[in-house]
Amino acid sequence: MEENRKIISTSSLEIVPVEKLDAVRLNLLQLASNATDLAYAPYSNFRVGAAVILEDGQTFWANNQENICFPVGVCAERILLGYTHANFPDLKPEILVITAKKSDNSASATVTPCGLCRQSISEYERKFNAPIEILMNRPDGTLLRANSIQDLLPYQFEDLNK
Ligand code: THU
C-alpha cells in the first residue's frame, strides 16, 4: 500500500544553566520562586509559581490556587496571565518563568505548563502577534527555554473561520 504523506513538526527547547541567565531572567526566576512558596496547594502539595515581564518592564507573579472541588483549582500561569491581561490588556507579556516545589517542599521540582495553560499562553501570543519566551525551572540547576508556545503546543487551535 502506498504510504500517506506526512507532516513532521519539529520543536526545540534550549537547556539553560541558571548561571547563564541575564539579570532580567534571574529576577523573574527569583520572583517566581518566591511566589511558589506562597502557593495554595493543600490538595496536591505541588506548589507552582510563575513570573512575567510585560513589554514596559513591569513584573508580576502568581501561584496555583487549588480548591476542595479539584477542577476549580487554577494553575499559576493562568492566574498570572489572566491578571496581567485583565489589568494591562495593551501590554504584551514577553518572558514567563515557571517554577515548582516538590510536594514535601524539600526541593524544586520540574515543571512544564499543562495543556490548558499552553492553550492560554497561545491565546496571548496570538493576540499580540509576538512570541512569549517560556523558561521552565528544573531541579538540576537548569531551565528549559521555549522561544514560543509553538514549541510546546504545535498545531494549536487558532482559527474559528478556516
Ligand atoms: N500546576 C500549575 O499551577 N502549573 C503547571 O504548569 C502545572 C500544574 C498546578 C495545578 C495543581 O494545583 C498542581 O499544580 C498539581 O497539578
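## Salt bridges

The side chain of E94 meets that of K92 in a salt bridge, 3.8 Å from N to O. K92 is partly exposed as well, at a relative accessible area of 24%. Keep in mind that we're looking at a predicted model here. The structure holds nine salt bridges, and the K92–E94 pair is one of them.

Over in helix α3, which runs through residues 115-128, R126 and E123 sit three residues apart, so about one helical turn separates them. Their side chains pair up in a salt bridge at 2.8 Å, N to O. R126 comes out as partly exposed at 31% relative accessible area, and E123 is partly exposed at 39%. Elsewhere, salt bridges with shared partners tie E14, D22, R25, E133 and R145 into one network.

Within that network, take the link between R25 and D22, whose closest N and O atoms are 2.6 Å apart. R25 has a relative accessibility of 16%, under the 20% limit, so R25 counts as buried. D22, on the other hand, is partly exposed, with a relative accessible area of 35%.

## The annotated domain

What does the UniProt record say about this chain? An unreviewed entry there carries the annotation "domain: CMP/dCMP-type deaminase" for residues 23-151. Over residues 23-151 the chain is 32% helix and 26% strand.

## Around the ligand

Which residues surround the ligand? They are S44, F46, V48, N64, E66, C75, A76, E77, V111, T112, P113 and C114. The side chain of E66 has an N or O atom 2.5 Å from an oxygen atom of the ligand. For N64, a polar side-chain atom lies 2.9 Å from a ligand oxygen. T112 takes part through its backbone instead: an N or O atom there is 3.4 Å from an oxygen atom of the ligand. On its own the ligand has 370 Å² of accessible area, and the protein covers 76% of that.

## N63 in strand β3

Now for N63, which lies in strand β3. Is N63 buried or exposed? N63 is buried, since its relative accessible area is 10%, and the cut-off for buried is under 20%.

The N63 side chain has polar partners, too. One is the backbone oxygen of A35, which the side chain of N63 reaches at 2.9 Å. Another is the side chain of Q65, with a polar contact at 2.6 Å.

Which residues make the nonpolar surface patch? F70 is in there, along with Y40, Y43 and I68, and the patch comes to about 480 Å².

Terms used. Residues are numbered from 1 along each chain as its sequence is written. This is a predicted model: local features need pLDDT of at least 70, side-chain atom pairs count only at pLDDT 80 or more; totals for chains, interfaces and linings use all residues. Side-chain values use heavy atoms; hydrogens and water are left out. Patches are made of residues with over 30% relative accessible area and no salt bridge: like charges are joined within 9 Å, nonpolar side chains (Val, Leu, Ile, Met, Phe, Trp, Tyr) within 5 Å. Accessible areas come from the Shrake-Rupley method with a 1.4 Å probe; for residues, only the protein chains shown count as cover. A salt bridge is a side-chain nitrogen of Lys or Arg within 4 Å of a carboxyl oxygen of Asp or Glu. UniProt positions are given in the numbering used here, feature names are shortened, and annotations may be inferred rather than shown by experiment. Helices (H or I, at least four residues) and strands (E, at least two) are DSSP runs, numbered from the N terminus. A residue is near a molecule or strand if one of its heavy atoms lies within 4 Å of it. A polar contact is a pair of N or O atoms within 3.5 Å; within protein, one must be able to donate a hydrogen and the other to accept it, and residues adjacent in sequence count only if both atoms are side-chain atoms. Buried means under 20% relative accessible area, exposed over 50%, partly exposed in between (1.4 Å probe, protein chains only).
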